[in-house]
Amino acid sequence: MITLFRKSTIGLLLLVCLSACSERRDSSAPHDAAAITLTYWPAPNPEEIQLADSIVKMWNRMHPLIQVRMQPIPVSQSTEEVLLAAIAGKTTPDVCSNINPVALREYTQAGGLVALDKFSDFDSIAAARIPKDLLPIFKNSNGHFYQMPWKTNPVMMFYNIGMLKAAGVENVPRTYSEYYAAAKKVTRDTDNDGQFDIWMGERDIRPIWWERLFDVYPFYIGATNGETLFKNDSVAFQNVDAEKVFGFFQHCYDKGYFPRTFFQGGDPFLLEKKATHFAGPWEIATLSKFAPNIHFDVAPLPVPDDHQGPVYTSGDYKNIAIFSTSEHPKEAWEFVKFLVTAEHDLLMLEITNQVPVRGDLLTNPLYARYFSKNPMMVKFAEQAVHTRGMDTVADLKEIFDAISQEYEICAVYGRKTPAEAVGDAARRCRAIMEWNQ
Amino acid sequence: MTRKVNILRAIRESERNGYWFILPYVIFFLLFVAYPLVFSFILIFHRWNIVTPMEWVGMKNFQRLASDPQFFRAMFNTFVFLLIHIPLQIAVALGFSLLLYSRGMFRGFFRAVYFLPVVVSGVVVTILWQNLYSFDSGVLNSLLSIVGIRKIPWLIDPGLAMPSIAIMATWKNVGIYIVLFLVGLQNIPKEIYESASLDGADKYSQFFKITLPMLNSTMVLIVALSTIGGFSLFIEPYVLTGGGPMQSTMSGMLYIYNQAFYFGHMGYAAALGFVFALVILAVVLLQRKVVEAEPS
Amino acid sequence: MIKSSLRYFFLAAGAAVFAYPFLWMLAGSIKPELEISNLSLWSSQASLHSYQQVLTKIPIGRAFLNSVLVSLSTTASVVLFGSMVGYALARLRFFGSKTLYALILFTMMIPFQITLIPQYILMVKLGLTDTYASLIAPTMMSAFSIIVFRQFFMSLPQALIDAARIDGCSELRILFLLIWPLSRAVIVTVAILTFMASWNDVLWPLIVVRERTLMTMPQLVTIFVIGGEAESQLGMQLAAATLLALPVVIAYAFFQRYFIEGMAYTGIKG
């Protein structure tokens, strides 16, 4: 009797163990004992997978002894969560090219990344490729570089040429007042049900923290001529510029230029329900795929009326990093250098329509043909030099969550003045930073 | 003599068997109940994001909790949800169960249809209602437009969002409670009604003086079950509103989930969970006291 | 007469309220995108296009199998161990049985809010995140099932068990060969309740599983709808939701009585 019982218990435990073991991921299994295999994780979208595939194939042909195995990041909720979990579970790849500088602090605090400037040729490579005033923003607070800047997606304003013309808007709006004036003409009620159904713009009104990266954040950088929210690890945005930005969105919602709703059936920009859209160059592919017959163009984001100088915006960088669990960091670095050659930057432009962090895009003849065929990308390349990244403060998600909530109360629902909302946001951010000291 | 020995042997064998039978559960209990409880008591005094080592912070998590307006808002929202959901649930379930109670055709069919939303996953229900509640193209607003009523911003107006979720939750769960009421109704002996009729009581007073009081224990059960369910509210706000508009649908569970798995504050989330659990226990105990205080 | 038809009117209206959304979902999953917002349940251009897209975009078939595996394992385990412990508490005498029973009752009172995060951390420490084990293990045994089984077993005549013991049957044989056949209704009830709860659980899988090929069906559909993969195409969302609802609805159609009576049983005993 006891034996039967014991047998069944052992059997059940075995079953549980087997299923546990069989799903353990084995991230780098070499094909043959002599060769080194590096694991490389690109971003999980189709274009970047295609780009990674081409580059990896070329590398593998050229380096029979150092093979690279490409594996898109498991699609889940966010790359940052996946990478942090991988660092914790020690299941990280050798190289990943979807590193968000925002999460860098968390990765480095966990000791997950290799300092790239310890490689002797890092400085020369970086200096040759990256515009001089952009390079410092990628440095970690301890003075080292843990990421190789790779690509940027400057946030700009797409607009529907036809819709603006039809409403009698002559020039693309450059300032807030011009935007309001254009919005007044464009926003209207076409089916006489008492509610607007064509709008100047539209934003998802739910307080999702990363949506602010496409409205409040780039607008703030534009309004302040390149300042970000934090300086020296403390709140730096409690100022008139932030109030102007909040005020801009509040005015748009108040007058109905932006609808107070969130769309669930179809993209309003593609359906010509809204005239302007704030996004990065990836939008170009979406537009040509889903709305090939509509004419769009791109312009810098609107700025406050008294603005001087070039328009800055946020860059949404994605960079490359080598993980400290890598058993072959030197070979991984060679692969990283391979990823950022001039030819492969051209491939990036052609396949993904995203802008490499490269200073000579508009001067190097290698890219001339691409830009002549893609005039919208020229604007993005010009803008790329005037971009800023995110601050590497801890708990950036929580901070943006707090800012989102204040934005929602002030801009979308009009329950607070911009000054109050900015003040409350600043207060909450200070509290967050203090709690997490 | 042999009989006594046999009995003793049987008893001792019984004891041994008992231990083998419960051994798996004891292991399970230690791993998944005892350890987590103990660990949570430790975790609430630390700060931890899993990748870096744990850091002792003493009462700091509770200090933060005490001044965290979002946590209080989440508690408030949960109570708003319960205050709308429970009476609505009882009213609707009672109504339908009364309709179903007396003999009639298709009783089984109706009961089956009303119960359908219960078995289906909450995810399906949420996706469905996300589109029903959609402001410009949702089914509900389309129906309203046909009748000539203005569209209602179900999930957009901060005052309407939580009630909308409460309505959706009622729609999903009322089937269970209809069944429970049916059982309760069937347990009322017919003789009581008969003698009441003989005494001249009309249908209305029969309902209020006989039916309702005899359903009391069922209602108490429904309130208890709904309360515990209400405190677990998660997937609906998670999918539908992300906690908005203006934090009006942020439930306790969603807030804890965000703190733990979105922002990585394991220690703080554990503290939140701890206090939340205390609140739930307090409410359950309170409900039990109220029930015991009522004259039967 | 009027009263009767009025009664049926309300019952039918209620049925419409409960059934129409599902029918609308089904219809929406086969209509072309622009017609979905219509209230009609039919379209001249009905097609399975949305389903095709869903099937190519996400491994929903795999997720279905995952859910089946996890839910079946959990149910089998809960019934097995629940009945074992329930039997031990009901019919076997051993030191500590009263304490254990009190402990199990106590377990039922603990809100999961407090154990959720430590259980997740336990999974991380054991290296079991992203495994089937992490989905099955924490719900492998249920205090509720133990209590239900114990209650029922206590109502069985002691004489029956004594007779078996005198015949020399081992306790295990008594449980499985004698008592289980007598407890069919209870077993089915516990099984259905456990299966349903396991199948529909989303929170825990969202926490412990990130790997798409391991996700359970409701989890995968949730991520599909919230994440941008559905490209805000309503048809795809509704198709995914229909696929998710289908297995349960089919099981429900066949075992409806057990579902409903199982729930009622919980209520009575609760």
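**Domains and a helix pair in chain B**

Modeller: In this predicted model, 10 residues of domain 1 of chain B are in contact with 9 residues of domain 2 of chain B.

Biologist: Which elements of chain B supply the side of domain 1 that touches domain 2?

Modeller: Helix H1 (2-43) and strand S1 (46-47) of chain B each supply at least two residues of that side.

Biologist: And by class, what does that side of domain 1 of chain B have?

Modeller: The side of domain 1 that touches domain 2 in chain B has 5 nonpolar, 4 polar and 1 charged residues.

Biologist: Where do the two domains of chain B run?

Modeller: Domain 1 of chain B covers 2-61, and domain 2 of chain B covers 69-293. Taken over C-alpha atoms, the centres of these two domains are separated by 35 Å.

Biologist: Changing topic to helices H7 and H10 of chain B: at roughly what angle do their axes cross?

Modeller: The axes of H7 (residues 161-186) and H10 (residues 216-231) of chain B cross at roughly 160° and come within 10 Å. H7(B) is therefore roughly antiparallel to H10(B), since angles over 145 degrees count as such.

Biologist: Left-handed or right-handed?

Modeller: The crossing of H7(B) with H10(B) is right-handed.

Biologist: Which residues make the contact?

Modeller: H7(B) contributes B:Asn173, B:Tyr177, B:Leu180, B:Phe181 and B:Gly184. From H10(B) come B:Thr218, B:Leu221, B:Ile222 and B:Gly229.

Biologist: How many of the residues in that contact of H7(B) with H10(B) are charged, polar or nonpolar?

Modeller: The contact of H7(B) with H10(B) has no charged residues, 4 polar and 5 nonpolar.

Definitions and conventions. Residues numbered from 1 in each chain as written. Chains lettered and ligands numbered in written order. Predicted model: local features only at pLDDT ≥ 70, side-chain atom pairs only at ≥ 80, totals over all residues. Axes fitted to C-alpha atoms, helices over the stretch in contact; angles between N-to-C directions. Helix = DSSP H or I, 4+ residues; strand = E, 2+ residues; numbered from the N terminus. Parallel < 35°, antiparallel > 145°, perpendicular 65-115°, else oblique. Left-handed = near helix turned anticlockwise from the far one by under 90°. Contact = placed C-beta atoms within 7 Å. Nonpolar A, V, L, I, M, F, W, Y, C, P; charged D, E, K, R; others polar. Domains from an automatic or database assignment.
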